[in-house]
Amino acid sequence: MKKTIFQALLLMLCSVNAFSQTDNVELQKMADDDQNSRMKSDINWIILNKEDSLRRVRVFELFKEKKVQTAKDYFNSGVVFQHGNDTISSGMAVKTFKKALELDPSLNRWWYAAAVDRDLMRKGEPQIYGTQFIKNKSTNDKWARYKIDTKKVTDKERQYYSVETLEQQIEKERQMNLKSISSYYASNNSADKTIELIKQEFKKGTKSEYDISEEGVNEFGYNLLNQNKNEEALKIFKLNTELYPKGYNTYDSYGECLMKLGQKEKAIKAYKKSLALNPENGTAKKIISENK
């Protein structure tokens, strides 16, 4: 009988522990809502700031109710706290992200570094990692890295937290201020002229004024595709494969456009090239398999 009672108590204890280690569903939803609300193109900041405030109040309540327990719970709390404009919220973001990483080091470490920098910025102090960029009158309405104490953290530690090195941050600032290819296209409405611009800018390298990165060119191609300017989009996607021949995504996009124009044979060829560059490209695998 005693053995049976002991086993029952042990089972109950295990069940309680298992339950206590279950991620808080409400916290996960709040973190998801926080991020999804910022994915919209037409954000009403008055409404969003109010929603953010209500979420932070609720997280404090969950702490009092002892319903913040797992690594993911602390991480999601940090996601909610980090958008507060006061040092209480930014300080809580640092603490909760730190606790989350202590419980589970496999979580995204960048968020902790960003929270530390944001907290320092809220206090009017220099950041130490280099995650924060600002754009206002003091920067002539251009993106600029917020002031930084470069000696508090090494580049090795920055990389540990998935933050760019100091040198990479300088390049990142330059890229953030590049003009979009779409803005040039809008001024002349000519794909051919835009292609010439892209080629000229590509030759300039780090001195280019426009975003002619693989992603930038690809995005412009899709902008044309979404406007049903398929032939023009095809020229852009083809150019991107020439500028970035080792980019598997350039061939994937090129293949997609070719397929849309009914050029199936050429499309499959492009997808095969994409798959050769990235054997994990599931889209290419599926399309090639369906068109054998």
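**Aromatic rings and their charged neighbours**

**View 1. A lysine over a tyrosine ring in the predicted model.** K273 lies over the face of Y251, at 5.9 Å from the ring centre, where a charge sits over a ring if NZ of Lys or CZ of Arg is within 6 Å of the ring centre and within 35 degrees of the ring normal. This is a predicted model, in which local features need pLDDT of at least 70 and side-chain atom pairs count only at pLDDT 80 or more, while totals for chains, interfaces and linings use all residues. Residues are numbered from 1 along each chain as its sequence is written, and side-chain values use heavy atoms, with hydrogens and water left out.

**View 2. The pair Y129 and Y161.** The whole structure holds 13 aromatic pairs (rings of Phe, Tyr and Trp, the last by its six-membered ring, with centres within 6.5 Å; planes under 30 degrees apart are stacked, over 60 edge-to-face, the rest tilted). Y129 and Y161 are edge-to-face because their planes stand at 70°, with the ring centres 5.4 Å apart. The pair links distant parts of the chain, 32 residues apart, with Y129 in the loop between α6 (110-122) and β1 (133-134) and Y161 in the loop between α7 (155-160) and α8 (166-176) (helices, H or I, of at least four residues and strands, E, of at least two are DSSP runs, numbered from the N terminus).

View 3. The charged end of R109 sits over the ring of Y160, 4.0 Å from its centre.
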